[in-house]
Amino acid sequence: FLNDTKNDIKSNSTRNYFAGEGLSQVYEENTSSAPKNQNHRINARIDITLDSMNSIQLRPRFTAQSNRNAALLLTKTTQGANLLNASDNGLNTNSEGFNFSNNLLVRHKFRKQGRTASVDWYTNTAPKNSTPGQSSLVKSLESGIVLIDTIEQRGDNSYDKNEWEVNAEYTEPLNGDHSLLFVAKYQQAREETVINTYDVPADPASPPVLNSELSNEFYTKIPI
């Protein structure tokens, strides 16, 4: 399975605000974005019969995804010929990741009818990386003075998941249509999320600075 989509989205809006005495403000907003998504998916099932008593089944699954988007938001507020405020905001996102899982099922039938044993081993890994970036330029007029504020940030984020699980089952037939089922299960899993946000100085020669307030690390582990 393959899915590849690309969109080009644009919108414009204008609002007029009337405050009386001939005073009015005009707000203009222009937005544009170009998201692009790619998805790949492969599923399979393999059955292997070793003999009349034993069989093996494999069920691998693989998905891969890539997302990219460049968005721009421009705003402006004017009063007559005077510019009151304006902003220029840009957002870039790039993320890639995949998910691979597999089930290995081993089944055994005993000579006694209805007596069976099976072991199902499940594994999964799902890493993902993203590099978001945003920039903002804001101009405002205060007491006849034009104030300018700029922000530029970049991110380096990662997510990783690894787990495995084993399920063992044993069926013992009883009299008539009754039977006993014994189940044993064990699981291990670990998830890690790292979010690093950097402030980009105005001087191109200066390296980005880690913003600790917007950076985090999360860990989850089973069993604890």
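**View 1. Strands β10 and β11 in a nonpolar surface patch.** Strands β10 (133–142) and β11 (145–173) each supply at least two residues of the nonpolar patch; helices (H or I, at least four residues) and strands (E, at least two) are DSSP runs, numbered from the N terminus. The patch on the surface consists of L137, L141, V146 and I148, with about 340 Å² of accessible area together. V146 belongs to strand β11. Patch residues have over 30% relative accessible area and no salt bridge, with nonpolar side chains (Val, Leu, Ile, Met, Phe, Trp, Tyr) joined within 5 Å and like charges within 9 Å. Areas come from the Shrake-Rupley method with a 1.4 Å probe, only the protein chains shown counting as cover for residues.

The model is predicted: local features need pLDDT of at least 70 and side-chain atom pairs pLDDT 80 or more, while totals for chains, interfaces and linings use all residues. Residues are numbered from 1 along each chain as its sequence is written, and side-chain values use heavy atoms, leaving out hydrogens and water.

**View 2. The largest pocket.** This pocket holds about 170 Å³ of space. Of its 13 lining residues, Q65, G97, F98, P127 and K128 lie nearest the centre. β6 (54–79) and β7 (82–109) each supply at least two lining residues, and the largest share, five residues, comes from β7. On a 1 Å grid over the protein atoms alone, a pocket is an open set of points where a 1.4 Å probe fits, with protein on both sides within 12 Å along at least five of seven lines; lining residues have an atom within 4 Å of a point. The volume is the space filled by probe spheres set on the points, which are joined across faces, edges and corners.

**View 3. The R68–E96 salt bridge.** The closest N and O atoms of R68 and E96 are 2.8 Å apart. The pair links distant parts of the chain, with R68 in strand β6 and E96 in strand β7, 28 residues apart. A salt bridge is a side-chain nitrogen of Lys or Arg within 4 Å of a carboxyl oxygen of Asp or Glu.
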